[in-house]
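Visitor: I am new to this structure and would like to be shown around. Could we look at it together?

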Amino acid sequence: KALSMMKEINNNADKFAEMAAAHSDCPSGSGGGSLGEFGRYSMVPEFDAVVFNLENEVGVVHGPVKTSFGYHLILIQQRND
């Protein structure tokens, strides 16, 4: 399911927010999936491995990423680290 959603989002931030609001079980879903700005080691290790890996492009949806909370698609909108 996450892979088909990823294809539908096609790296479009507005579509990402729409899909998060419709499908996310996370509290951030109601805010379009935004987790806000966070530093390294603030999230579960699986998130950090994606978000702070400089080989992963900004503006691109990455995943699906499995954590203890389930599967996630991650859109990196900016990186300051």
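**A first look at the helix and its surroundings**

Guide: This is a predicted model. At the start of α2, the backbone nitrogen of D14 has a side-chain oxygen of N12 within 2.9 Å.

Visitor: Which residues of α2 are buried?

Guide: F16, M19 and A20 are buried in α2. Viewed along the axis of α2, the buried residues lie within an arc of 105 degrees, so they line one face of the helix.

Visitor: Why would residues three or four places apart point the same way?

Guide: An α-helix has 3.6 residues a turn, so residues at that spacing point the same way.

Visitor: And what is exposed on the other side of α2?

Guide: D14, A21 and A22 are exposed there.

Visitor: What do the buried residues of α2 pack against?

Guide: They pack against α1, β1 and β2.

Visitor: Staying with M19, what is it in contact with, leaving aside its neighbours within four places in sequence?

Guide: With those neighbours set aside, M19 is in contact with M5, E8, I9 and S24.

Visitor: Which residues make up the largest nonpolar core?

Guide: The largest nonpolar core has eight residues: A2, M5, I9, F16, M19, V61, L73 and L75. At least two residues of this core come from each of α1 (2-9), α2 (13-23) and β2 (70-75). The element that gives the most is α1, with three residues.

Visitor: What does a second core include?

Guide: There is a separate core of seven residues, and F47, V50, V51 and I74 are among them.

Visitor: Changing topic to the strands, how many bridges are there between β1 and β2, and in which sense do they pair?

Guide: Strand β1, residues 61-67, pairs with β2 in the antiparallel sense over five bridges. The two strands are joined by a hairpin through two residues.

Visitor: Which residue stands opposite I74 of β2?

Guide: H62 stands opposite I74.

Visitor: Is T67 buried or exposed?

Guide: T67, which is found in strand β1, has a relative accessible area of 8%. Buried means under 20%, so T67 counts as buried.

Visitor: Which backbone nitrogen does the side chain of T67 reach?

Guide: The side chain of T67 reaches the backbone nitrogen of F69, at 3.0 Å. Leaving aside neighbours within four places in sequence, T67 is in contact with V44, E46, F47 and H72. Of these, F47 also belongs to the second core.

How values were computed. Residues numbered from 1 in each chain as written. Predicted model: local features only at pLDDT ≥ 70, side-chain atom pairs only at ≥ 80, totals over all residues. Heavy atoms only, no water. Core = buried A, V, L, I, M, F, W, Y, C linked by side-chain atoms within 4.5 Å. Buried < 20%, exposed > 50% of the residue type's maximum accessible area, 1.4 Å probe, protein only. Helix = DSSP H or I, 4+ residues; strand = E, 2+ residues; numbered from the N terminus. Contact = heavy atoms within 4.5 Å. Pairing = 2+ DSSP bridges. Arc of directions from axis to C-beta. Polar contact = N/O pair within 3.5 Å; in protein donor to acceptor, adjacent residues only side chain to side chain.
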